[in-house]
Amino acid sequence: MSDYKISQLKQLEAESIEIFRDAVSQFDNPVMLYSIGKDSSVLVRLAQKAFFPGKLPFKLLHINSTWKFKEMIEFRDKFCAEQGLDLTVGHNVEGKAAGVNPFDYGSRKYTDIMKTQALLQSLDEGGYDVAFGGARRDEEKSRAKERIYSFRDRNHQWDPKNQRPELWNLYNGRINPGESVRVFPISNWTELDVWQYIRLEKIPLVPLYFAKKRPVVKRDGTWIMVDDERMRLEPGETPVEKMVRFRTLGCYPLTGAIESSAATVEDIVAEMMQTRLSERSTRLIDSDGDSSMEQKKREGYF
Amino acid sequence: MDIDKFLDEHENKDLLRFLTCGSVDDGKSTLIGRLLYDSKLIFDDQLSTLRKDSEKSGTTGVGEIDYALLLDGLKAEREQGITIDVAYRYFATPKRKFIIADTPGHEQYTRNMATGASTADLAVILIDARYGVITQTKRHAFIVSLLGIKHVIVAINKMDLNDYSEDVFNAIKADFAQFIDPLGIPDIHYIPLSALKGDNVVDKSAATDWYDGDTLLSTLENVNIAADHNYSDFRFPVQYVNRPHLNFRGFAGTIASGVIKPGDEIAALPSGKKSTVKNIVTADGNLDEAFAGQAITLELQDEIDISSGEMIVKVGNTPAVSKSFDAMLIWMSEQPLDLSRTYHIKHTAKMTKAKVDVIKYKVDVNSLRKQNTDKLELNEIGRVVVSSYNELFFDSYRENRQTGSFILIDTISNNTVAAGMINVPVAAQDVPVNSEREVLEKHINDREFNWDHGIVSAKQRATRNHHYGKTVIITGSKDSGKQQLAAKLENRLFKSNLNSYYLGIGSIRDGLDADIREGFVNRDEHLRRLGELSRIMTDAGLIFITSIDDLDDYELEHLKLLNTPNEFFVISVDSHRFDSFQPDIAIEELLDYEDALSQIVALLGAKKIIPEYCI
């Protein structure tokens, strides 16, 4: 009997597929939050597998803070066109008009207006009752206790003290009108699993993940890329060309690069095993204060 | 390092999900922190944050790292110093990948433990060597057994504070074994360790040279879980009907159990319509065979109508199909179970509505005593009868975790309020019943009405035997000597020319009880059979003697009813577990068998069961 064996990666894949199918059958108006990053790319591939040979029974929603890396946007448009994905882009119109940027408003306020508020506006506009996201429990401490089906009230808020118990593979998708659920199909994946899967499935990624000479400045101990002319340089800062790559992707002024020569998935994994820095340490918004991620989640951010 | 080789290995590892349970302060978080640390899973930045945090709010000594802080995720918990929810952790060794469900030991959080246990293959139960088996340890063991976990590691921690004493270890081991044995967990390992010092966590400790077993990590790596899966009963709950175009109609889902091949004859439930499997479709190509755990899409030969929430099974091997079943229920909501209310029920891929008709009893999770009740409150566990609006297709939880589990959802708050584990289908009652007692009384009435009386009357039998039939039950703790007393009683009565019969547990375990395994729920069935048997044996005019471990009031009441219209005597040995019931004879400590026998024989005489000259 023991030849009926599934590798751990295939088990994770099967679990994610099961979650996608369950949510689509439980909810009326699903959407997938698409961040262009590697986790989103994996999420898309899993969803494609779940509904094969059909197309995805939902749209992709990308929240554009207007400060994303150029290469991300290029990749997004190409990837969605090639894969035949139905993409909607949302952004905070008022915020953009007011010129909200990370330099004048600080990362916290900027993130709230251009990411969290933009996301909530788009979710309200679409009237979605379920939104798939690519968050993983191993990313950060407060996420370790997140449910796979994460209930959000009418204001999209998460209450860590009032989470629904989640047993077996029996997910509770019952909600009242106006409420919603965030579903995280890759909750149980680790960073290594994600890379592993990208390698196995040959999933295309934004080139920013791989090392290349890029213009950067050193700020608060990390390398920030000068992606366009909007980047404000502090006195004394001069961009230098460095071999760098990004472990996570977001808004370029807030996303630190690491010095690296890793140009392939294998290189990246090799480096990961050696550097031993957890993934989110290159994200400036996580260290805004003790428990800052938890705070953002309560407010409706992922 | 050869990255390609490393990645290939990592990809093909197997996965073990385990649960850690312990009480406050028994070092559980420290143990997990140590596992992650020693298996090099803590990143450098996390370590430096940890050092900072340890200085700020750590509870260990100056300069020592408080591994527990690594795990307590949420702010409120960090302030209280107690993990209040289930947190999931991930780590891998060259052999296996692990998912840890870290659950709290705090009194009121039974529901969190059940949550963590529901997906676990194995449980690590921590015991603080200074205190041994405490009430909470028993509760953990009970919940673990209830949730069907087949592998348990008993980690006897803080051995460093007991001079790594082998005697302490052995005493705790014996104590725990006595409690856990009747719960029917097949695979149990005991490990002496110190999470703080790292003894026997990852590396074998020189301080416990008397211990020849594996370390914790090595046990986790080597426990064989392949045999836990059910590959014999094909159950395929349909999650989603995939109809991308007119030429394709597939039923998508994850195989709950069993194996399927193209060409296999299947039936759809509840319609019963039959077809054969045409293709097993996946995005990576069609499969020649698929088995439990795989997410697939089935294409059938014939166009039969199957909706999401229905089930595909093989012809000739079908689950129970019923609207009514018996289950263990863990109540998880502040609002108690209300028998008059309707709840949503989610079972496999199906959502319908259900009511709880009867609460047979609730279990005191600390003593495993059963009690009558009319409601279940937060963290209470009860045995119930549920009836659903639509038919469900299920197996018993012990045989099939996937098709034997369900949750109840409040129809107003939409909260998940209960977790259920199905025991058996029950015949739907013609008339609604309000209590377990009513069900039983109806059973007794029907049984007695239909009883096939022979020609020989009870009176004729008694005249010829020179005594009446009677059941004598001797109850007490496991090693109280009650079995010996029962056997001696049989012998004493036999020598006085009385028809006595002693029935030992060994005489029915592989016979009358052969189809039921050990375990909490199965004890109810064992007692039911014993009750019915005592009715027959007494009717046959025998003095029927048997011994039962630790009867409580609830169980005794049941036995009594089942034995109706006959009656029995109850002798308790040692400290009994009755609340209000008074045994006919209570023997505090069984020091003198002759004395105990004389008391019992005197009782039989006084009650005119046996002639006075036999005393």
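Trainee: Where does B:Asp515 lie?
Mentor: This is a predicted model, in which local features need pLDDT of at least 70, side-chain atom pairs count only at pLDDT 80 or more, and totals for chains, interfaces and linings use all residues. Residues are numbered from 1 along each chain as its sequence is written, chains are lettered from A and ligands numbered from 1 in written order, and side-chain values use heavy atoms, leaving out hydrogens and water. Helices (H or I, at least four residues) and strands (E, at least two) are DSSP runs, numbered from the N terminus. On that basis, B:Asp515 lies in the loop between helix H12 (506–509) and helix H13 (520–539) of chain B.

Trainee: Is B:Asp515 buried or exposed?
Mentor: Buried means under 20% relative accessible area, exposed means over 50%, and partly exposed is in between (1.4 Å probe, protein chains only). The relative accessible area of B:Asp515 is 58%, so this residue is exposed.

Trainee: Which side chain does B:Asp515 join through a polar contact?
Mentor: Look for a pair of N or O atoms within 3.5 Å; within protein, one must be able to donate a hydrogen and the other to accept it, and residues adjacent in sequence count only if both atoms are side-chain atoms. Here the polar contact is 2.7 Å, and the partner is B:Arg529.

Trainee: How many Å separate the C-alpha atoms of B:Asp515 and B:Ala283?
Mentor: Along the chain, the two residues are 232 residues apart. Their C-alpha atoms are separated by 42 Å.

Trainee: What is the order of the five strands in the open sheet of chain B?
Mentor: Two strands pair if DSSP finds at least two bridges between them, and the pairing here is parallel. Strand S24 (500–503) and strand S27 (585–587) are the edge strands, each pairing on one side only. The order is S24-S25-S23-S26-S27.

Trainee: Which residue in S25(B) stands opposite B:Tyr501?
Mentor: S24(B) and strand S25 (residues 543–549) pair in the parallel sense over four bridges. Opposite B:Tyr501, you'll find B:Phe544.

Trainee: At about what angle does helix H14 of chain B run to S26(B)?
Mentor: Angles run from 0 to 180 degrees between N-to-C directions, using lines fitted to C-alpha atoms, for helices over the stretch in contact; contact means heavy atoms within 4.5 Å. Helix H14 (residues 553–563) lies across strand S23 (470–476), S25 and strand S26 (568–573), and its angle to S26(B) is about 155°.

Trainee: And chain A: what share of its residues is buried?
Mentor: Chain A has eight helices and 10 strands. Of its 302 residues, the buried share is 64%.
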